[in-house]
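Please open the structure in a viewer and keep the sequence at hand.

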Amino acid sequence: MTIELYTWNTPNGRKISVALEEMGLPYKVFPINISKGEQMAPNFLAISPNNKIPAIVDPDGPGGKRVSVFESGAILLYLGEKTGKFLPTSLIERIPVYEWLMWQMGGFGPMPGQVHHFIALENETERAYGLKRYAAETVRLYGVLDRRLANHEFVAGPLSVADFAILGWAWRHPRHKVDLKDFPNVERWYNTLMARPATRRGMEARLD
C-alpha cells in the first residue's frame, strides 16, 4: 500500500524521500507549501501536531491499521522498524544509529537552519551577528562528522537511517557556505551516498 508523504523541498523532507526510495516503499507526495502557510491547515495539523513537515500516513501500519507519524527522526525509525532495513536488529548495533540520528536532530539541523535564516536577512547588523554565531557552530559540527567518518564508512557502521537524516542537511552545504573539500571524510561519505541510485531518486523526487 502506498505511503502518503506530506512534505516540501527542504532538508527534512529529503531525509524521508531518500529513505523511502532506499527501502523500496511506494509513496505519493502531498506537497505542503510552507511559504504559503499550508502547514497550519487543520487537516495537516491532524497528522502533524507541531505544524512542521514532513509527516507520513501509512495505510498499512501496525496491525494493518492506518497510522500517521510526524517528526522526521520518528518517521525514519518507524520506517526502519517497518521494513527491517537500515536499522540493526541488535541493541548494541542500534546504539550508534540512535546516537547519530539524535546528533542530527539536535544539532546538525537546528544550527544550519539558523544559517539559512540569517543569511536571508537584509539588515546587515542582524545578519552578521547571526551568521557569525551559527556558521561557526555549523562548521564545528561538520568537523565532528568528519572525525567520525575518518574511521567509519557510514556514521553508525553499516548504512542506516542516521545517514539519511544527516544527508538531508549535508545536501545544503553550499547554502551553509561550507566547502566539503575542507572535510574530506564527509566529502567521501556524501559522494558515496549520492552515487546510490535510490538515494539519487530520493534527492530528485519532486517534493514541491
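In this predicted model, begin by selecting helix 1 together with helix 9, which spans residues 197-204. The two helices pack at an angle of about 140°, and their axes are 7 Å apart. Because angles over 145 degrees would count as roughly antiparallel, this value makes helix 1 oblique to helix 9. The crossing of helix 1 and helix 9 is right-handed.

Next, display the side chains at this contact. Helix 1 contributes R14, S17, V18, E21 and E22, while helix 9 contributes A198, T199, R201, G202, M203 and E204. The residues of this contact comprise five charged, three polar and three nonpolar.

Four strands form an open sheet in the order 2-1-3-4, with mixed pairing. Strand 2 (27-31) and strand 4 (67-70) each have a single partner strand, so they stand at the edges with one side left without a neighbour in the sheet. On average, neighbouring strands of this sheet are turned by 20° against each other, direction ignored.

Finally, select strand 1 (residues 3-7) and strand 3 (residues 55-58), which run antiparallel and are joined by three bridges. Within this pair, E4 has V57 in strand 3 as its bridge partner.

Key: Residues are numbered from 1 along each chain as its sequence is written. This is a predicted model: local features need pLDDT of at least 70, side-chain atom pairs count only at pLDDT 80 or more; totals for chains, interfaces and linings use all residues. Side-chain values use heavy atoms; hydrogens and water are left out. Two strands pair if DSSP finds at least two bridges between them. Axes are lines fitted to C-alpha atoms, for helices over the stretch in contact, and angles run from 0 to 180 degrees between N-to-C directions. Angles under 35 degrees count as roughly parallel, over 145 as roughly antiparallel, 65 to 115 as roughly perpendicular and the rest as oblique. A crossing is left-handed if the near helix is turned anticlockwise from the far one by less than a right angle, and right-handed if clockwise. Contact means heavy atoms within 4.5 Å. Ala, Val, Leu, Ile, Met, Phe, Trp, Tyr, Cys and Pro count as nonpolar, Asp, Glu, Lys and Arg as charged, and the others, Gly among them, as polar.
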